[in-house]
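Work through these exercises with the structure open beside you. Try each task before you read its solution.

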Amino acid sequence: MRSTICARCRPLIGQARRQILRPISQQQKRCESTSSTSDATTNDQPKTTEKKKKRNVVFSGIQPTGIPHLGNYLGALRQWKKLQDDVEASGSGDKLLFSVVDLHAITVPQEASILRLRRREMMAALLAIGLDPEKGSTIFFQSSVPQHTELMWILSCTASMGYLGRMTQWKSKLAVQNHATDIDEIAMTNLKLGLFSYPVLQAADVLVHRATHVPVGEDQRQHLEFARECATNFNHTFSNILVPPETVTTPSPRVMSLVQPTQKMSKSTPNHRSRILITSTSNEIRQRIYGAVTDSEDAITYEPTRRPGVSNLLELLSQCGPALADGTRRSPEELGNEFNGRMWKDLKNAVADAVVAELEGVRERYHEFLNRKGGKWIDEIEAEGAEAARRSAEATMKLVRYAVGLGRKS
Ligand code: TYM
């Protein structure tokens, strides 16, 4: 398929896209608007003398609400690592920022001691999957960079309540929390402002670093549409400073639950058998895959709508099985044809082997990193990342404050 990505975005995505990123329709238009916006602004990035070459900026985040599962990994984290490796290999100097979004986590009740632990565990998990400050990744806690919340407030002053009210994630969280379906009635009694304005903070996370690319799973798409809207609103109201970011998804943007394959795999579902964690042992991985709910038909076919269970397994095999020589992966359709006529246990064995191989070493590295230097190593990495992230965010906030009338020109 021919690329529709503009020349500016191509170096960043390059080889990563062949293996992980899927073609994104209509990208040309967004890339153009991104370029023109950022060209109009002062940037904290070094200026080259010849052609004005702007660095791409990648930003993404994950909540510290438990060890990431296979959905987080295939939908987002593996791609973060791939982008890091590509930036390192190309020497493009593109900026990579990955945040443990602890302020988002407190939009639902958290016990303080557990949250403190989860934040560190998430740092260890990100390092264990291969993110590495020495390879250019800046990893930090969202709450260490106050500019995120400062910009959130400013964006809140132009954000539409109507738009926020239509966010599906907010509606569904509200419904799940209250075990009820009547959103209006619950909203009247139990509405928490933080949960409602969650997408404004997410927009600020991305916009404060003037990110050009945001690699996420499918469930974040609507939030990033909103972030683009926030950037456009701000630029129209004040000055052309913020960059409408581009959403980048993987070929597995929605990994499904292993026990309820019509629902996405999730950290919050109580049934542990529904997910595989990136730190699961090989025995646990095999048990989860062997226990995965499929259906009563004998044949193995890839039909995501009619047969979500078997299709989810074929997608896992496609993504975790070995890549072909040209870096591409066998499609779930092809694998469905190959396994058609064979036994279920053949397919489940193949999926289990592939997932075990994909996650090999993550568990060991996770435990080693969490305890390295008696736990201080994680703190040091975070402190360095936070300092770099504050510099990045402050460069934007100086422009933003002045544009709004809150600061001096500097
Ligand atoms: P979170 O913590 O729920 O998930 C982190 C990333 O994992 C992806 N993901 C999945 N991908 C495929 N299949 C699944 N079953 C699956 N479950 C989760 C998510 O899409 C996400 O990319 N609001 C965000 C965190 C956030 C953020 C940001 C992301 C805050 N600020 C700014 C990007 C940019 C969240 O709750 O992700």
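A residue counts as near a molecule if one of its heavy atoms lies within 4 Å of that molecule. Keep in mind that this is a predicted model.

**Exercise 1. The ligand shell**

Task: Find how many residues surround the ligand, and which are the closest.

Solution: 
- Step 1. Apply the cut-off of 4 Å. The shell holds 28 residues.
- Step 2. Pick out the closest: Y198, Q202, D205, D219 and V255.
- Step 3. Look at the elements. β1 (57-62), α3 and α11 (198-207) each give two or more residues to the shell around the ligand.

**Exercise 2. Polar atoms at the ligand**

Task: Say which residues place polar atoms by the nitrogen and oxygen atoms of the ligand, and at what distance.

Solution: 
- Step 1. A polar backbone atom of G71 is 3.1 Å from a ligand nitrogen atom.
- Step 2. Go on to side chains. An N or O atom in the side chain of D205 is 2.7 Å from a nitrogen atom of the ligand.
- Step 3. Turn to ligand oxygen. One oxygen atom is 2.4 Å from an N or O atom in the side chain of D219.
- Step 4. Check the cover. On its own, the ligand has 720 Å² of accessible area, and the protein covers 96% of that.

**Exercise 3. The largest nonpolar core**

Task: Work out where the largest nonpolar core lies.

Solution: 
- Step 1. Count its members: 56 residues. L70, L126, I289, L347 and V355 touch the most other members.
- Step 2. Find the main contributor. Helix α3 (residues 70-90) gives the most, with eight residues.
- Step 3. Compare domains. Domain 2 (57-253 + 373-404) and domain 3 (281-358) both contribute residues, so the core lies between them.
- Step 4. Zoom in on I289. Beyond four places in sequence, I289 touches I276, L313, L316, K348, V351, A352 and V355.
- Step 5. Note a second, separate core. This one has 39 residues, including F140, F196, L224 and L242.

**Exercise 4. The whole protein**

Task: State how many helices and strands the protein has.

Solution: 
- Step 1. Count the elements: 18 helices and five strands.
- Step 2. Of the 410 residues in the protein, 50% are buried.

Note on methods
Residues numbered from 1 in each chain as written. Predicted model: local features only at pLDDT ≥ 70, side-chain atom pairs only at ≥ 80, totals over all residues. Heavy atoms only, no water. Core = buried A, V, L, I, M, F, W, Y, C linked by side-chain atoms within 4.5 Å. Buried < 20%, exposed > 50% of the residue type's maximum accessible area, 1.4 Å probe, protein only. Helix = DSSP H or I, 4+ residues; strand = E, 2+ residues; numbered from the N terminus. Domains from an automatic or database assignment. Contact = heavy atoms within 4.5 Å. Polar contact = N/O pair within 3.5 Å; in protein donor to acceptor, adjacent residues only side chain to side chain. Areas by Shrake-Rupley, 256 points an atom, 1.4 Å probe, with all protein chains shown as cover.
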